[in-house]
Amino acid sequence: MVAHSRILLSKCSQFRREGEFIDIRLKVGDTLFPAHRVVLASYSDYFHSIFTDGKETNQEVIEMKDKSISPEIFKIVMDSIYTGDLHVNQKSVFEVLLAASQLQIASVVQLCCDFVKKEFIENRIDLKNYSVLCTVAVRLGLRDLQEAAEAKMASMYKDVCETKEFLTHISADQLLSLLGRDDLNSPSEAFVFKSVVKWIKYKGEERMPVAGKLIGAVRLGLVDVKIVIEELKTEEMQRFPEVNMHLQESMMHHIMPSHEFAAEKVKPRSMSPVMQSIAYYFDVEAKLWAPLPFVAQSDEETSWYFCAERSGNYLFVARQKHNNVNSIERYDVVNNSWVELPEYVNNHKVDCLCSVGDYLYAISESNPPQRYSLTNNSWQGGVRLEVEERCEKFSTVSATVMNSKIYVIHGYQRNESGFTNALWVDEPAVVHCFDPKYNLWKKLASTCHLHFKSSLLVVNNRLCVAGGWENGWSIRKPAPVEVYDEATNTWSVMPQKHIPPNNLGAVEIEGRVYFIINKFPVDSGIRIPPEEMYQVDLSGWADLAKVERGTVLCYLPVNMANLSRGKISDQG
């Protein structure tokens with residue numbers, strides 16, 4: 001039946017090109033578009049209406065009155081009606097979407113929405129496009145498109161809320177809508193609260209009238225009352241009765257937690273807590289490890305976990321079973337169940353798992369990356385990283401994803417003689433970029449210092465290396481934090497001005513505090529103002545380091561309301 005419909009549409013498109021059976025011409029500006037009434041009426045309620053009820057019923061030429069639709073955009077719409085295909089780019093798609101919506105052509109509207117979801121939402125959407133997209137979606141009543149955009153932005157909130165674009169491009173209604181979501185990704189509710197206050201103060205005179213509504217959308221029962229008082233008990237804020245009301249309610253809740261305020265303001269978000277060994281999570285609010293009771297355990301015993309990676313509602317875990325067979329398993333968050341993936345190419349130990357688009361990539365030392373299709377449930381072997389095996393040794397792999405490319409760092413040793421029994425010398429870490437689209441490796445500049453068991457992470461869209469050691473075999477010396485400049489292909493050391501000596505793996509990167517635990521970067525939510533002169537107090541985070549060496553950490557979306565708090569032992 002589908003083929004039959006396509007044949008009919010294809011013949012109509014041919015008739016249009018050859019000028020056969022044309023019974024209507026549409027005038028847009030100075031351009032005439034020949035067409036068939038039956039085709040237009042079939043795809044557009046607008047045209048169906050004017051062909052049956054309007055005064056243009058018997059006219060051979062109808063002039064389009066909407067001057068906002070240009071001939072170029074109208075041609076794209078007409079071509080899409082007759083072919084079922086859409087030929088747009090990131091600049092024209094919104095104009096076509098508006099035109100198709102005004103002309104009530106549902107099929108073209110859907111094609112535009114599909115294009116926007118793929119090009120703007122599935123990839124890393126920027127805040128300017130997000131603001132435009134939401135404005136268009138709300139205006140046209142496209143709820144599915146608005147939901148897809150909001151869900152994506154909610155997952156990125158922790159990173160985007162600190163950018164200047166967030167302060168300038170996000171409207172009050174858009175921020176309010178995000179604050180109402182359970183899946184807003186943030187280290188803590190205090191972090192959300194501070195981001196809202198910062199947004200308000202950025203344009204104080206203009207935004208203070210909506211301050212009460214926005215602050216009311218924050219779950220203040222989850223925020224330390226000292227922070228609430230510090231931000232709201234100011235002359236500027238107290239000018240607005242609604243803001244003062246929220247302050248008084250927070251103070252009342254602090255004194256009397258059973259106060260009715262708690263019912264609507266203490267509902268935890270479905271944030272992304274850190275998990276430990278698939279059985280514990282780290283509660284950022286309480287700064288304690290606690291059991292994760294409802295995660296099903298895998299059927300087979302495991303001798304060692306290597307790494308984990310989240311993709312959508314799935315968690316992928318690489319491990320070694322007791323029979324020394326390496327495997328990768330997938331945990332379904334929704335159905336609370338485990339499935340073992342098919343055996344991957346060259347069944348070897350996997351150091352890192354990275355998710356890019358519809359694929360999962362298994363990365364390990366000098367072996368070629370293995371690509372797993374989430375849709376086809378199958379593996380493919382990639383291109384091997386070129387290594388001078390007699391002269392080079394790679395170790396302690398760490399990887400991260402930035403702009404749909406995979407970046408890999410190796411601890412590095414070199415032997416200039418080429419003899420295996422010669423002395424191997426530690427050298428600065430080697431960093432490579434793997435482009436999944438072209439299945440190609442590119443070598444970047446080596447780091448300034450040596451790095452073993454260090455982590456790669458992305459901060460403010462910049463590649464950073466942190467944690468680990470500056471030597472591989474002797475007395476261990478902590479490695480410095482380095483940041484990569486893509487324009488100059490150079491690394492530079494980032495001073496740790498505000499971080500006291502610690503055993504938590506705490507580092508400072510562009511005003512943010514991360515804890516590097518077992519090569520896993522944990523965003524603490526602590527932000528250091530540029531003018532701050534003193535060191536950060538890390539005394540409350542001691543429990544974070546209470547995990548066994550080799551334990552795999554990851555982020556996983558869980559409903560915090562379902563978790564029971566309880567501190568774990570010093571042994572993890």
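Author: We may begin with a helix and what covers it. The buried residues of α10 are covered by elements including α7 (127-140), α8 (143-160), α9 (164-169), α11 (189-202) and α13 (211-217). This is a predicted model, in which local features need pLDDT of at least 70 and side-chain atom pairs count only at pLDDT 80 or more, while totals for chains, interfaces and linings use all residues. Residues are numbered from 1 along each chain as its sequence is written, and side-chain values use heavy atoms, with hydrogens and water left out.

Reader: Which residues of helix α10 are buried?

Author: Buried means under 20% relative accessible area, with a 1.4 Å probe and protein chains only; helices are DSSP runs of H or I with at least four residues, strands are E runs of at least two, and both are numbered from the N terminus. In α10 (residues 172-179), the buried residues are Q174, L175, L178 and L179. Viewed down the axis of α10, they fall within an arc of 135 degrees, so they line one face of the helix. The arc is taken from the directions between the helix axis and the C-beta atoms.

Reader: Which residues touch the most other members of the largest nonpolar core?

Author: A nonpolar core is a set of buried Ala, Val, Leu, Ile, Met, Phe, Trp, Tyr and Cys residues joined through side-chain atoms within 4.5 Å. In the largest one, of 83 residues, they are L26, F74 and F193. Not counting residues up to four places away in sequence, F74 touches L26, V28, F33, F47, M64, I69 and L103, where contact means heavy atoms within 4.5 Å. Another core, of 19 residues, lies apart from the largest one and has I499, V513, L538 and L553 among its members.

Reader: In what order do the strands of the open sheet of 4 strands stand?

Author: Two strands pair if DSSP finds at least two bridges between them. Here the order is β15-β16-β17-β18, with antiparallel pairing. Each of β15 (392-402) and β18 (440-443) has a single partner strand, so one side of each is left without a neighbour in the sheet. Between β16 and β17 (residues 425-435) there are 8 bridges, and I406 stands opposite F434 in β17.

Conventions
Buried < 20%, exposed > 50% of the residue type's maximum accessible area, 1.4 Å probe, protein only.
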